[in-house]
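Colleague: Could you please take me through this model, one region at a time?

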Number of protein chains: 2
Amino acid sequence: MTQSIRRIVLASRPSGAPTPSNFRLEEAAMPDLPDGQVLLETIYLSLDPYMRGRMSDAKSYADPIAIDDVIVGATVSRIKQSRSEDWKKGDIVLAYSGWQTHALSDGKDLRRIDPAVAPISTGLGVLGMTGFSAYAGLHNIGRPKPGETVVVAAASGAVGSVVGQIARIQGSRAVGIAGGRAKCAFVKNELGFNAAVDHRAPDFARQLAEACADGIDVYFENVGGAVWNAVLPLLNNFARIPLCGMISHYNDGAADEQSTDRLPASMKVIQQKSITVRGFMNVEFIDQQPAFLKQAAAWIADGRLKYREDIVDGLELAPAAFIGLLEGRNFGKLIIRVSGDR
Amino acid sequence: MTQSIRRIVLASRPSGAPTPSNFRLEEAAMPDLPDGQVLLETIYLSLDPYMRGRMSDAKSYADPIAIDDVIVGATVSRIKQSRSEDWKKGDIVLAYSGWQTHALSDGKDLRRIDPAVAPISTGLGVLGMTGFSAYAGLHNIGRPKPGETVVVAAASGAVGSVVGQIARIQGSRAVGIAGGRAKCAFVKNELGFNAAVDHRAPDFARQLAEACADGIDVYFENVGGAVWNAVLPLLNNFARIPLCGMISHYNDGAADEQSTDRLPASMKVIQQKSITVRGFMNVEFIDQQPAFLKQAAAWIADGRLKYREDIVDGLELAPAAFIGLLEGRNFGKLIIRVSGDR
């Protein structure tokens with residue numbers, strides 16, 4: 001039986017928001033397994049906003065994906081065959097196979113996942129890079145003190161949900177911003193934030209001010225866009241702003257066409273209130289990952305750290321799911337189930 | 001002989017750039033000297049951009065100046081009469097008398113100036129708050145390492161000139177930005193920056209890129225405006241941006257009318273390059289002032305730290321000089337000589 005693999009490649013670069021025509025589903029022959037390597041079968045594929053940046057050819061911290069190459073992405077994979085002494089068939093690993101059903105690896109970039117700790121899909125979310133981004137940004141930049149107010153953008157999302165819960169666990173007030181009533185209810189009632197504010201509400205700025213009666217000490221930014229306008233006047237002296245992402249702008253072209261340049265007013269507030277804005281990527285703090293994994297697993301075990309996954313079945317649905325992610329249509333960490341996990 | 005004092009008060013709040021009609025020169029009776037107080041005679045008055053903010057009634061870190069009140073400002077003053085045990089006639093002090101020829105003080109806000117260390121006018125500039133702002137921002141936020149590139153806006157000005165010279169003394173490359181050929185020549189030839197770039201040149205962005213062949217590690221911002229557009233693409237990973245002021249925007253109304261919102265693009269760079277933007281005011285670091293004064297006086301004495309003062313004679317010229325300051329027309333630390341210093 002000749003087996004084939006399926007994969008999704010970059011057919012063309014998006015201009016603005018990606019469309020289905022930027023992606024192409026291909027079949028290819030199952031690769032031969034060289035000595036010293038393993039063949040991985042993808043169980044779960046993580047979809048993350050940063051992938052949008054990699055689809056452009058603009059210079060960034062990482063190289064762009066070449067046309068006709070497989071879209072990149074973290075996966076939870078099963079070792080299907082092993083010709084490596086370090087790995088055996090059936091091992092579950094965190095890998096970076098991208099948008100495809102199978103991949104080869106020399107094993108160096110794999111991390112073992114223990115299915116006894118938590119469902120293996122959490123390796124892509126709350127126990128993966130999104131959870132660690134939340135932890136790293138809060139721990140190293142936000143540094144909220146007990147009683148301080150931490151405002152979290154995209155609070156129902158993979159990063160924001162963890163930010164607010166850790167802030168709460170450590171004694172701060174967490175105020176979440178989310179889009180729509182369902183997400184706000186989840187943030188407040190399920191995740192236990194002190195308050196949740198709907199950025200689609202016509203009186204959003206007033207509601208946010210009410211929820212932050214003592215001002216904002218930490219604003220965890222991973223959205224950008226109009227939310228900033230409501231946050232800016234509420235920032236306290238010495239506020240800290242971990243800048244984790246700008247998802248609302250990932251589809252932008254070279255410049256926004258708005259009637260107002262918000263940069264000078266923003267810089268004036270940052271200057272006059274001695275505010276810190278610090279961009280970061282979790283890899284800067286990668287030496288803290290073991291401590292994070294230990295801590296987060298304990299919080300999950302005792303029920304203090306909750307998570308929500310938005311699992312979509314089938315690799316062929318990845319493009320549509322990804323397009324929806326950039327529009328905020330997912331609800332929880334977006335994951336593609338590529339094959340069964342048992 | 002009944003003596004009178006002269007003072008300049010806020011006649012009306014400026015809308016945009018201040019005009020002469022916002023100021024009013026008054027005469028008033030010399031105040032009686034209460035027991036425990038001193039009568040100060042102003043020798044030098046410092047003119048600084050922050051005063052523009054105090055003339056507006058917008059909320060800020062400091063209260064606005066009331067209409068008909070004397071404009072605030074730091075002064076070098078002589079004790080003309082003393083009914084305090086702590087001060088004697090003839091002492092030279094750093095005071096905060098504002099735009100007037102005489103003022104009373106209970107002595108608590110005075111700091112003695114030693115005329116043997118340096119000319120007393122330096123208490124308003126290189127040895128005063130502007131010099132200390134440069135030191136504090138560079139020492140606590142910029143933290144340049146030897147060999148790194150430090151770019152300084154308004155490099156011929158009171159703050160920028162000190163930033164670049166300290167960076168050089170400590171082994172970094174200093175690149176100054178200034179307006180016009182005369183200021184650039186001063187920055188490079190007199191102050192000893194490695195390079196100076198004229199922001200009025202039509203190919204300014206190209207020139208700045210050439211002067212910063214290894215990118216920018218520290219950008220000391222005290223201007224804002226279009227210079228930022230040329231700086232942004234040159235910033236290195238982990239660059240630090242001490243945000244000391246935004247002089248080009250102090251005359252702005254509520255919002256700039258530009259066709260492009262530069263905030264999202266700026267935030268994206270800050271995020272992707274792990275950049276730190278930190279607003280500050282020197283008072284945050286006031287416990288470092290004694291160390292600064294000792295160090296800076298030594299650097300001045302051995303000729304490594306130079307300064308330029310732009311001294312204008314006569315209190316009545318303060319409004320015109322201040323209006324010019326906001327337009328970048330001064331060349332060096334702007335000081336009004338209110339009375340003779342001997």
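This is a predicted model: local features need pLDDT of at least 70, side-chain atom pairs count only at pLDDT 80 or more; totals for chains, interfaces and linings use all residues.

Colleague: Which residues of helix H4 of chain A are buried?

Modeller: In helix H4 (residues 181-190) of chain A, the buried residues are Lys183(A), Cys184(A), Phe186(A), Val187(A) and Lys188(A). A residue is called buried if 20 or more other C-beta atoms lie within 10 Å of its own, exposed if 12 or fewer do, and partly exposed in between, with C-beta atoms placed from the backbone.

Colleague: And what covers the buried residues of H4(A)?

Modeller: The cover includes strand S9 (173-178) and strand S10 (195-198) of chain A.

Colleague: In which sheet do those two strands lie, and in what order do its strands come?

Modeller: They belong to an open sheet of 12 strands with mixed pairing, in the order S10(A)-S9(A)-S8(A)-S11(A)-S12(A)-S15(A)-S15(B)-S12(B)-S11(B)-S8(B)-S9(B)-S10(B). Two strands pair if DSSP finds at least two bridges between them.

Colleague: Which strands stand at the edges?

Modeller: S10 of chain A and strand S10 (195-198) of chain B do; each has a single partner strand, so one side of each is left without a neighbour in the sheet. On average, neighbouring strands of this sheet are turned by 15° against each other, direction ignored. Axes are lines fitted to C-alpha atoms, for helices over the stretch in contact, and angles run from 0 to 180 degrees between N-to-C directions.

Colleague: How do S12 and S15 of chain A run, and how many bridges join them?

Modeller: Strand S12 (residues 235-243) and strand S15 (residues 276-279) of chain A run parallel and are joined by 4 bridges. Within that pairing, Arg240(A) has Thr276(A) in S15(A) as its bridge partner.

Colleague: What does helix H7 of chain A touch?

Modeller: Helix H7 (residues 263-272) of chain A packs on the sheet and touches S12 and S15 of chain A as well as strand S12 (235-243) and strand S15 (276-279) of chain B. Helix H5 (residues 204-211) of chain A lies across S9 and S10 of chain A, and runs at about 170° to S10(A).

Colleague: Changing topic, into which domains is chain A divided?

Modeller: Chain A is divided into domain 1 (4-125 + 307-337) and domain 2 (133-285), with bounds that come from an automatic or database domain assignment. Their centres, taken over C-alpha atoms, are separated by 29 Å.

Colleague: How many residues of each domain are in contact?

Modeller: In chain A, 14 residues of domain 1 are in contact with 12 residues of domain 2; contact requires C-beta atoms, placed from the backbone, to lie within 7 Å.

Colleague: What about strand S3 of chain A: how many of its residues are buried?

Modeller: Strand S3 (residues 38-46) of chain A is mostly covered, with 8 of its 9 residues buried. S3(A) runs antiparallel to strand S4 (residues 75-82) of chain A, with 7 bridges between them; Leu45(A) stands opposite Thr75(A) there. S3(A) also pairs in the antiparallel sense with strand S6 (residues 102-105) over 4 bridges and with strand S17 (residues 333-337) over 3 bridges.

Colleague: Is Val159(A) buried or exposed?

Modeller: Val159(A) counts as buried because 30 other C-beta atoms lie within 10 Å. Val159(A) is placed in the loop between strand S8 (149-152) and helix H3 (160-169) of chain A. Beyond its neighbours within four places in sequence, its contacts include Thr130(A), Asn222(A) and Cys244(A).

Colleague: Finally, where does Asp68(B) lie?

Modeller: Asp68(B) lies in the loop between helix H1 (50-55) and strand S4 (75-82) of chain B. Its phi is near 75°, a positive value in a residue other than glycine. Asp68(B) is exposed, with 11 other C-beta atoms within 10 Å.

Conventions. Residues are numbered from 1 along each chain as its sequence is written. Chains are lettered from A and ligands numbered from 1 in the order in which they are written. Two residues are in contact if their C-beta atoms, placed from the backbone, lie within 7 Å.
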